[in-house]
Amino acid sequence: MAAAELDSILDLNTLEQYCSAIGAGTLLKSVVLFEQLMPEYVGNLVSAQQANDKDTLCSEAHKFKGAAGSVGLKRIQQFAQLLQHGEEASWQQEHLTWLNEIVEYASKDLQQLKEYLESKV
C-alpha cells in the first residue's frame, strides 16, 4: 500500500513515535486488546443508533474516538470525532454516513495497522 494511502488510514507519525518509545511488539499487544474490544465498541454505536439514542451515540463515539486514536487508527478516529459532536449542524444529516464508515472500515483499518506493526517487529 502506498505511504500516502496508509497515512490516510493510520496515524503514521504517532505510530513511529510509539514504536520508538515502547517498541512495535508492545504496541501490537495494545492493538490486540483493542481488537478484542472493538466489536463491543462498534456494537454500542450501532445499538445506540438503532435505539435512536443520540446522547448515547455521541458518548460512545467519544469513547471509540479515544480508543481508536490511542492505537493510531486515524481514519476511524476521524469519523468517530465527527460522530461524537451531536450539536453540530451537519450531524443530523451526516451521522449515519459517519457511522457506516466506521462499521465498514474498522476491521479493514485494524488489519492494516496489525500488518504495519508486524513489519516493524
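**View 1. Salt bridges, six by the rule used here.** A salt bridge here is a side-chain nitrogen of Lys or Arg within 4 Å of a carboxyl oxygen of Asp or Glu. This is a predicted model, where local features need pLDDT of at least 70 and side-chain atom pairs count only at pLDDT 80 or more, while totals for chains, interfaces and linings use all residues. Residues are numbered from 1 along each chain as its sequence is written, and side-chain values use heavy atoms, with hydrogens and water left out.

**View 2. Lys120 meets Glu16.** Their side chains form a salt bridge, 3.0 Å from N to O. The two partners sit 104 residues apart, Lys120 in helix H6 and Glu16 in helix H2. (Helices are DSSP runs of H or I with at least four residues, numbered from the N terminus.) Lys120 is partly exposed at 39% relative accessible area, and Glu16 is partly exposed too, at 32%. For these labels, buried means under 20% relative accessible area, exposed means over 50%, and partly exposed is in between, using a 1.4 Å probe and protein chains only.

**View 3. Glu35 pairs with Lys114.** Here's another salt bridge with an N to O distance of 3.0 Å. Glu35 lies in helix H3 and Lys114 in helix H6, so this pair ties together parts that are 79 residues apart in sequence. Glu35 is partly exposed at 30%, whereas Lys114 counts as buried at 14%.

**View 4. Lys108 and Glu104, a pair inside H6.** The closest N and O atoms of this salt bridge are 3.8 Å apart. The two residues are four apart in helix H6, which means about one helical turn separates them. Lys108 comes out partly exposed at 48%, and so does Glu104, at 41%.

**View 5. H6 and its kink.** Look for a kink of about 45 degrees centred on Tyr105. The bend at a residue is the angle between axes fitted to the seven residues ending there and the seven starting there.

**View 6. The largest nonpolar core, 37 residues.** A nonpolar core is a set of buried Ala, Val, Leu, Ile, Met, Phe, Trp, Tyr and Cys residues joined through side-chain atoms within 4.5 Å. Leu10, Phe34, Phe64, Leu73, Leu83, Leu113 and Leu117 have the most contacts inside this core. Helices H1, H2, H3, H4, H5 and H6 each supply at least two of its residues, and H6 gives the most, with ten. Zoom in on Phe64 and you'll find it touching Phe34, Met38, Tyr41, Val42, Leu45, Ile76, Ala80 and Ile102, leaving aside residues up to four places away in sequence. Contact means heavy atoms within 4.5 Å.

**View 7. Gln49 in helix H3.** Gln49 is buried, with 18% relative accessible area. Not counting residues up to four places away in sequence, Gln49 touches Leu57, His95, Leu96 and Leu99.

**View 8. Asn52, in the loop between H3 and H4.** Phi of Asn52 is near 60 degrees, a positive value in a residue other than glycine. Most residues other than glycine have a negative phi. Asn52 is exposed, at 69% relative accessibility.

**View 9. His62 in helix H4.** An unreviewed UniProt entry carries the annotation "modified residue: Phosphohistidine" covering His62; such annotations may be inferred rather than shown by experiment. In the model, His62 counts as partly exposed at 45% relative accessibility.
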